[in-house]
Amino acid sequence: MYKYDQYDQAIVDARVDEFRDQVQRRLAGEITEDQFKPLRLMNGLYLQLHAYMLRVAIPYGTLDSRQMRMLAHIARKYDKDYGHFTTRQNIQYNWIKLEDAPDILADLATVEMHAIQTSGNCIRNISSDQFAGAAADEVTDPRPWAELLRQWSTFHPEFSYLPRKFKIAVIAAEEDRAAVKLHDIGIQIHRNAAGEVGARIFVGGGMGRTPMVAPVIREFVPIGDLLSYVEACLRVYNRYGRRDNIYKARIKILVHEIGAEEYARQVEEEWAHVKTLGLDPSPGEFERIAAFFAPPAFETGLADTVDRSDPDFALWLDQNVKAHKQPGYAIVNISLKPVGGIPGDASSAQIDLMADLAERYGLDELRVTHAQNIVLPHVKKADLYAVWQALDAAGLASANLDLISDIIACPGLDYCSLANARSIPVAQKIAERFASLDRQRDLGELKLKISGCINACGHHHAGHIGILGVDRKGVENYQLLLGGSGAEDASLGRITGPGFSEDGVVDAVERAVEKYRELREDGERFLDTYRRVGFEPFKEAIYG
Amino acid sequence: MADFLRFRDDAPHEEPAVTLDAFLGQSNATAVRLESDEDARKLIPQLGQLALIEIAFPKFRDGRGYSAARILREAGYAGELRAAGDVLVDQIPLMRRCGFDSFAPDAAIDPDALTRALGRYDHVYQKAADGRSPVWALRHG
């Protein structure tokens, strides 16, 4: 894991001081709420329906037990004893007092954490593959690249007042676990024909009210040129992205309006200039960062056998535990989606427990996933049963990873001032309808995603089944979408037709999945069947 | 004389700034004002004759002027570069990094808050137009 040096620490400490100053000026009435808003937003502090919400950055979703315990401490001391893990691999706290925010940042800074650029029209937290460093299919660990980008984007003087927010994700495997094609910039580390490692650059993806899958604008950027290339991408956007309409201000609209080829041409032209400015760090800096992500001290000669005699453990093992590149180790996925729970929420006690397990059994590492779950990336197979028992006792052993009840949901109208409809109760009702694990397992991988408004924080466009809450004449109404994917086969879901009531949409989901059971061929997931047979049979099943 | 914040030792330039269109059409002006949607690169062929370039910030959220400033500094412009309009104290450190050395804010800036803001960060992560060494260079210095 990356460790701060004196420079990183000084910058984060200065940020605490700066935000304390800004909050004091606001509390003293020296600046208006309108002037304060962009300042607090740049630090992840939103004014929501009931209170301030603070979003804390978890760069590329990686943290250690000490940092995880700090997240529990903040929930306990400043919030209502829980936190909410988000689709950008961050955590947010829903019940924060403005006057406490500087103290929270000071606490975070003691464990090399911050809330810098977790909102605002700037470059947001860099996201990545939650299995980085553990996955068998990766070309290299993507996180050194993500850390390089984190540092470059932090207080970037030119790109702090972009037309709109800007999200970057980095992966280094063919399987896309970070939805890179649905980001403003998606970076896929790969090898070119000469065997050199570099970056494939996707630009202009996104969800929101105008969802787009990002085109490739450059097949290969050498590592030594990455920052200057991304700088050129951002400069073209900062100069020419639309500022006349907030709904057309994301880079996807610029790329769509001028075309990917023309955008790529402008970037090349800008890059030819920018590359001469000496913006790219020396190779030694990349090596310094990469050394922090060297593989941990794995034990060798461990057995790969696991005692499966406890049937509940065996179910969890089959569903939530994934293959690790190191013999004798496994990747443990902790589902934050218990039936009846709030997707992504965890109590302070649960957060502490996950920290304890990481420290004792997981080489002190945890990850947050964009699907709002937690990962222990490096667990010895011999310890899996003990880990499962501890998780089970804490209500954290739901064996539903990637099944229909592993739902992504935004906070919705229960918390969010932008929402048109509630998301959480819909997620809970669907999870309850499909509570039988046998039934869920029979349905197989099925990614269901719910957003409470058109901004699509719940990724409904990318759900195999997506649900979008809208306000229809003062009544919550839910549209159903089918056929989306946020993975390497990225696609956007299609709206089935007229919307439903809260209970009606649960029934509609059930009719869709029953149709899938009827039509599926061997080994097909819901998405595969949908793609093979098309939209019509499902539409007919849903609307009769 | 309006209220300027200047970070230059030379005397303020007295000639009023003309519009970009007027500048491109007249060969001898020494001061020009760029609106936020105008292309700073159009000035590059004639940078040598300019002593003052003023860049408009109609709203603090409109960040195009940051790119314009860097483009002008990267092209070698050494004269006065002024940010004018909705310029807030917390933006001035970023603007300084992009090459602005003069400010004409619509609303008065609290000098104490400005001093604190400008002195707060001892280190920066990226190279920009202000000549500061980024931490990646310091680490390997």
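How do strand S3 and strand S4 of chain B pair, in the parallel or the antiparallel sense, and over how many bridges? In this predicted model, S3 (residues 31-34) and S4 (residues 52-57) of chain B pair in the parallel sense over 4 bridges. Two strands pair if DSSP finds at least two bridges between them. Strands are DSSP runs of E of at least two residues, and helices are runs of H or I of at least four, both numbered from the N terminus. Glu54(B) in S4(B) is the bridge partner of Arg33(B).

Local features of the model need pLDDT of at least 70 and side-chain atom pairs 80 or more, while totals for chains, interfaces and linings use all residues. Residues are numbered from 1 along each chain as its sequence is written, and chains are lettered from A and ligands numbered from 1 in the order in which they are written.

The open sheet of chain B has 6 strands with mixed pairing, in the order S1-S6-S5-S4-S3-S2. Strands S1 (5-6) and S2 (18-19) of chain B stand at the edges; each has a single partner strand, so one side of each lacks a neighbour in the sheet. Helix H2 (residues 64-74) of chain B packs on the sheet and touches S3, S4 and strand S5 (80-85) of chain B. The direction of H2(B) makes about 160 degrees with that of S4(B). Angles run from 0 to 180 degrees between N-to-C directions, and axes are lines fitted to C-alpha atoms, for helices over the stretch in contact.

In chain A, helix H3 (residues 65-78) and helix H11 (residues 348-361) pack at about 170 degrees, with axes 8 Å apart. H3(A) is therefore roughly antiparallel to H11(A); this term covers angles over 145 degrees. Met68(A) and Leu71(A) are among the H3(A) residues that meet H11(A), whose residues there include Ile351(A) and Met354(A). The H3(A)-H11(A) contact has 8 nonpolar, 2 polar and 4 charged residues. Ala, Val, Leu, Ile, Met, Phe, Trp, Tyr, Cys and Pro count as nonpolar, Asp, Glu, Lys and Arg as charged, and the others, Gly among them, as polar.

Between the chains, 35 residues of chain A are in contact with 29 residues of chain B. Contact requires C-beta atoms, placed from the backbone, within 7 Å. The largest share of the chain A side, 9 residues, comes from H1(A). That side divides into 14 nonpolar, 11 polar and 10 charged residues.

How values were computed:
Parallel < 35°, antiparallel > 145°, perpendicular 65-115°, else oblique. Contact = placed C-beta atoms within 7 Å.
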